[in-house]
Amino acid sequence: MDPVIVVGAGPVGLSLSLALTRLGVPCVVLDESNGQEDTRPARTAVLRQDTAAFVGRLGCADTLDSAGTRWTAWRTMRRRRLVERVAFAPQSPDGTAAPAAVSPVHLPQHALTRALRAALADEKLAEVVTGSRLAALEQDEHGVSAQTRGPNGTWWRGSYLIGCDGPRSTVRKLLDVRFPGRTAVERHAVAALRCELPWPGEALLHRSPPRHGGGPGNEVSARPLADGVWRLDWLLPPGRELVTPDALVARIRDSLAGWTTESPADAAGEGGPDGGGAPARGRGHGRLVPPYDLLDTGVHTVHHRLARRWRQGRAFLAGDAAHLLGALGTQGLDEGLRDAENLAWKLGLAWHHGASEVLLDSYQAERRGAVAARLRAADQALPLLRDGRSARWRTMLPGTVRGRSTLLTDGHLGRGPLGAPPVYARTPLAPPVTGGPVVETLPGAAVTDVPVTASDGSVVRLHDRLGRGLLAVLVAPGTGVWDRRHWQSAGLMPRLSDAVEALPMAAEILVTEAYPGAAAHTVLLVRPDGHLITTLSGVRPAEMAACADAVRGRAQGGEYDDEYGSGHGNEHSNEYGQEAVAGQGRRAEGSGEAGGSVGYRDGGAGEDGVGAGGAGVDRAGAGGAGAAGGADSVGSGEVGPGDAGVRGGRPGEAGPREGGSEETGRREDRLRDTDPGESGSDEAGSKEDGPSAVDPVRTSMFHSEDD
């Protein structure tokens, strides 16, 4: 069988390729670059516990330890007051720390990419072809053909193709998939510098810092990296303000002087060291700036976009090619790695054993639904968090004093509606088995990383065994003090071994002393990507087999009708623009009406143009943050999507583009489905007045992904 073609050699494409080769699936990675990753200290990644474990299983655990940093605590400040401090437990080998208490891993993205490249270079089933730009794409019922240009230009034949080629994805364009959403939702000035701050090892979110005026919408965050390096982010006001080198240096000096002369420890009554160095400028009033070494700078523009389809035949989209998000601490790379982990085991089954349409469609249903919920929550929360109107917040969240700060903290730390790992509660792969014993993990949610004993007697963490097949986890208190030779042949183990051996797909038995909320003799069935299938009371061979069939997509006849509108024959469309084939011609009750969430719905063929992309919509496209010649890019360039450094671009398809007023571009609330950085100015997504993007009646930011 032909290999799988992966287009793009960023972290998502490399991770997906590595995961496939570990499953025995050959891969060809088409890399447009020369294979050398630029060193950008200001471009970093924050990996939550599940995505860090996924990267570690791919052979990059040493890089996470050496180049990454786990924070000791997270501080949330408002003006001069410490609002909240979340202390993190160290990642202990026995897994006793609760998942919410484990710090994210913060590391430079170039270090992660280089580690993934090195791991892939050791895989015999993988081939990375540099200098290969995708030019054409053809599909048939047996596979995909891809033509590349460049030194290695030729036709490549693959069984499947995945576009991991970023926000300006060539694969997405060749598939003619729309990419509606918002552009320039937020802009941040970014700096990486080496210095000493009063709270070593702790990350900080400072809202309304006094030295920056103290008004609503002012934020600065400081996240530690290895070797005494810090990444600082300042939320920029909406509009066309250019961040000059002098302006950024002034921000750095103001922030450092404020923290070291009146540190968060001082504000909390704990005392703290005084900073030293040169006099501060601007609002510093003569305060001292501690010594620092500026390493890298940039402007990071946050876009919110969602591809209308993530699968078309044998071609798929993943990572930034499928979605853009990043406000309120939500990290796009985190979601991209979840895409890779979700798709890898499904393509592994398809490549080795064939796959039903249900299994292949489940990737889009699960992952697109989860990202859409995250974007919807961010769109609803942003106006409340940024406008400073406490009355509106109390209307949405009565009786909550620290609601805004808590929501921000949750988003940054991977908790709550803005950051928690997704729950695939209504997946098309849901088993027919219901009514099992209740544990703290919901069906479809990611399992807790408890210590387990493998069949060879080794004690490992549960997440270390993910990725290859199903896991049957038996909760058996007391087995830790027994010799393995005794408990493997006693109690439920012989019957469980027979049941697992008879399953229609590969599976492994693990034993744990305890699982949160689980009674003794509970059996948890876990998917290869770590999401709970179901729980059983004891060993039930028939129900276990039915669950395995459902996970393979074999239990529902090959077609389904799911809440995300991606099934066959589904005649409705959801508010984020995913329509069924039979849904063409239905009215798109466009996002943005009555203040609803905007930007993830587009007017399709036969619709009456209510959604973004419909007739008469005039919107500057997803422009990058940079001005021509890099006027809005400080130092060595921008960070993240929108780094082309170009303002303007091709004219729009509906309505005037050139010579239009700035007010028109800023008040318009719907977007064409253009790609980030290709057209429009960087202020197109800002909106100083007009209706809010929050609809407290239709949907709530506190709904789960399956609402």
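Helix α1 is mostly covered, with 11 of its 12 residues buried; buried here means under 20% relative accessible area, exposed over 50%, and partly exposed in between, with a 1.4 Å probe and protein chains only. The buried residues of α1 are P11, V12, G13, L14, S15, L16, S17, L18, A19, L20 and T21. Helices (H or I, at least four residues) and strands (E, at least two) are DSSP runs, numbered from the N terminus. After α1 comes G24, which has a positive phi near 80°.

The model is predicted: local features need pLDDT of at least 70, side-chain atom pairs count only at pLDDT 80 or more, and totals for chains, interfaces and linings use all residues. Residues are numbered from 1 along each chain as its sequence is written, and side-chain values use heavy atoms, with hydrogens and water left out.

The expected span of a helix is 1.5 Å times one less than its number of residues. For the 12 residues of α1 this gives 16 Å, and the end C-alpha atoms are 16 Å apart, so the two values agree.

What does α2 pack against? Its buried residues are Q49, D50, T51, A52, A53, F54, V55, R57, L58, C60, T63 and L64. These pack against α1 (11-22), β3 (44-47), β7 (105-108), α3 (109-121), α7 (332-353) and β22 (459-461), a contact being heavy atoms within 4.5 Å.

Side chains of opposite charge can pair when their charged atoms come close. A salt bridge is counted when a side-chain nitrogen of Lys or Arg lies within 4 Å of a carboxyl oxygen of Asp or Glu, and the count by this rule is 29. One of them joins D50 and R338, with the closest N and O atoms 2.8 Å apart. This pair links distant parts of the chain, since D50 is in helix α2 and R338 in helix α7, 288 residues apart. Both D50 and R338 are buried.

A salt bridge between R461 and D449 has an N to O distance of 2.7 Å. R461 lies in strand β22 and D449 in the loop between α10 (403-413) and β21 (451-453), so the pair ties together parts that are 12 residues apart in sequence. R461 and D449 are both buried. Salt bridges with shared partners also join D50, E335, R338, D339, R367 and R374 into one network.

Another salt bridge is formed by R157 and D140, at 2.9 Å from N to O. R157 belongs to strand β11 (residues 155-158) and D140 to strand β9 (residues 133-140), 17 residues apart. R157 counts as partly exposed because its relative accessibility is 31%, and D140 counts as partly exposed because its value is 37%.

For the protein chain overall, the secondary structure comes to 14 helices and 26 strands. Of the 707 residues, 60% are buried. Among contacts between residues at least 6 apart in sequence, 72% join residues at least 24 apart. The chain exposes about 26400 Å², of which carbon and sulfur atoms supply 50%; accessible areas come from the Shrake-Rupley method with a 1.4 Å probe, and for residues only the protein chains shown count as cover.
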